[in-house]
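Student: Could we go through this structure together, taking the pocket and the aromatic residues in turn?

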Amino acid sequence: WYTSSIMTAKKTRKSNRKTQEPVSLASRIRSLPKTVRAHPKKAALIASVPLLALLLFVVFLVMISRAPRIGIAFYRVPESLKNAIIAEAEKAPLAKKPGFRIIPLEDDKSLTSQLNKNRKIALLFTEDGYAAERLAPISRVTLNEDRRLMPSAMRSSGTSLFPQGKDISSYALPILIDHLELIYHKKTFEQITPPEVFSEIESRAQQIKENKGFLWALSCAGGNDEDLLAFVGAVYLSQHGDQDYRLFVEALRGNPVLTDLLATTKLKETLTLLTEWKDKMILHPEWYNFTRQDIEDFMWMQRAPMAVISLSHHRAIANSTLQNYDSTTFPTHSDNPDRLIIAPVYVGLRPNPRLDDVVSTDFLRSLITNNVQERLASHTGFSPVNSTAQTRDKQASDLRLWAARSRRPVPNPFTASLDNPFHRTQLAKALREYLSVRGTGY
């Protein structure tokens, strides 16, 4: 009886379903308010789905229609130059559309490895040298028409230091020039002509010591790695000439180990000369440990007859100190204008050609126009590469003239050959140790 009753109930429900009238669309619409009142949360969730989909679709359209901001990076450049270029970017059309952003890089790490990890850098500003030259396969910045604004010697900056055959393709555009200068005390040199060629440094130093009562004649902030490498490199070029500069750079690129360089290049002769100058009190006995502040203090006391400093360091010295000094280019091996000159050039590159070409290139080109060059030079104190741009003062004007008269401005050989800051630091440490022990044990 129980089983029979269950089976009868099932058949009845099934029969009712078959005979049930279908609900019309109009009935469903009329019952919708009642359903919403009965299930408000479910109704709100269902209604939000199409709205959310529409919102996501609008966001997607905005993202694909908006160009990404131009990524700008700086590597091993003075803060004044960085600030000046950012100020120009804020005035340029790219500041409004598509905009720009600064992508930080670490100066104590390899440039190449950092660029490999960051593919969003459209413009890079750095010192021309091996680190920049290694980007030549991917950074093409020809702009030959713009280069005509520069002296002919400057146009080679941003191209291979040692081009093979007719391969003179450019990877960077020159922006500003720095310099390694010989600064000298005006009163001390009233009756003495500053050295014009390298061979005159020693004779002028002896005159100063004998006639002016100085204990030593020449100094350099050798405790600063960059100043030490720049000075040693400049002496190497002036002592041995352009061809040996090239051979030294090639040797450094192959093996930046001091003991090997002493055996395969003329570096030992240069370090021997610097040791002799120290023994003769031409160079201050502790020059390789001096800081830039030490140099400034001696200049302030007017006890620095001559010093080798960069133009960028020159700009950081108080005017009250500088009024007693004048400067000239560091003497080279010859007074023949057709020679290399140590003058670091800051350049702009495009390290990722897949990023926006037109906007970033237009901004780069704007940096060497007359008005912008004058603003950059005024803000940084460097020399403009534009031939007709006004310079800040005599030092910047003289530098552009010296660079224009040369075969081409070049970085110091260590910048021209070492792209890894670690190797530069290690080599500077080894040079300082060699000089402190007078080469004993090497």
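Tutor: We can, bearing in mind throughout that this is a predicted model.

Student: Which element gives the most to the lining of the largest pocket?

Tutor: The largest pocket holds about 780 Å³ of space, and strand E3 (123-127), helix H6 (130-133), helix H9 (225-240), helix H14 (311-314) and H19 each give two or more residues to its lining. Among these elements, the one that gives the most, with five residues, is H9.

Student: Is His-423 buried, partly exposed or exposed?

Tutor: His-423 has its place in helix H19, which spans residues 421-436, and, leaving aside neighbours within four places in sequence, His-423 is in contact with Pro-256 and Leu-418. Its relative accessible area is 33%. Because buried requires a value under 20% and exposed a value over 50%, His-423 is classed as partly exposed.

Student: What separates the C-alpha atoms of His-423 and Val-257?

Tutor: His-423 and Val-257 are 166 residues apart along the chain, and the separation of their C-alpha atoms in the model is 8.7 Å.
The contact list for His-423, which leaves aside neighbours within four places in sequence, includes Pro-256; the C-alpha separation asked for, between His-423 and Val-257, is 8.7 Å.

Student: Is the aromatic pair of Phe-74 and Phe-125 stacked, tilted or edge-to-face?

Tutor: This is one of twelve aromatic pairs in the structure, and it links distant parts of the chain, with Phe-74 in strand E1 (residues 70-75) and Phe-125 in strand E3, 51 residues apart. The ring centres are 5.6 Å from each other, with 25° between the planes. Because planes under 30 degrees apart meet the criterion, the pair counts as stacked.

Student: Are Phe-74 and Phe-125 buried or exposed?

Tutor: Phe-74 has a relative accessibility of 8%, whereas the value for Phe-125 is 2%. Since the cut-off for this class is under 20%, Phe-74 and Phe-125 are both buried.

Student: Which residues form one aromatic cluster?

Tutor: Phe-290 and Phe-298 form a stacked pair, 5.6 Å centre to centre with 25° between the planes, and Phe-290 is buried at 7% relative accessible area. The cluster asked about is formed by Phe-198, Phe-231, Trp-277, Trp-287, Tyr-288 and Phe-330.

Key. Residues are numbered from 1 along each chain as its sequence is written. This is a predicted model: local features need pLDDT of at least 70, side-chain atom pairs count only at pLDDT 80 or more; totals for chains, interfaces and linings use all residues. Side-chain values use heavy atoms; hydrogens and water are left out. Helices (H or I, at least four residues) and strands (E, at least two) are DSSP runs, numbered from the N terminus. Buried means under 20% relative accessible area, exposed over 50%, partly exposed in between (1.4 Å probe, protein chains only). Contact means heavy atoms within 4.5 Å. On a 1 Å grid over the protein atoms alone, a cavity is a set of points where a 1.4 Å probe fits but cannot get out, and a pocket is an open set with protein on both sides within 12 Å along at least five of seven lines; lining residues have an atom within 4 Å of a point. Grid points are joined across faces, edges and corners, and a volume is the space filled by probe spheres set on the points. Rings of Phe, Tyr and Trp (its six-membered ring) pair if their centres lie within 6.5 Å; planes under 30 degrees apart count as stacked, over 60 as edge-to-face and the rest as tilted.
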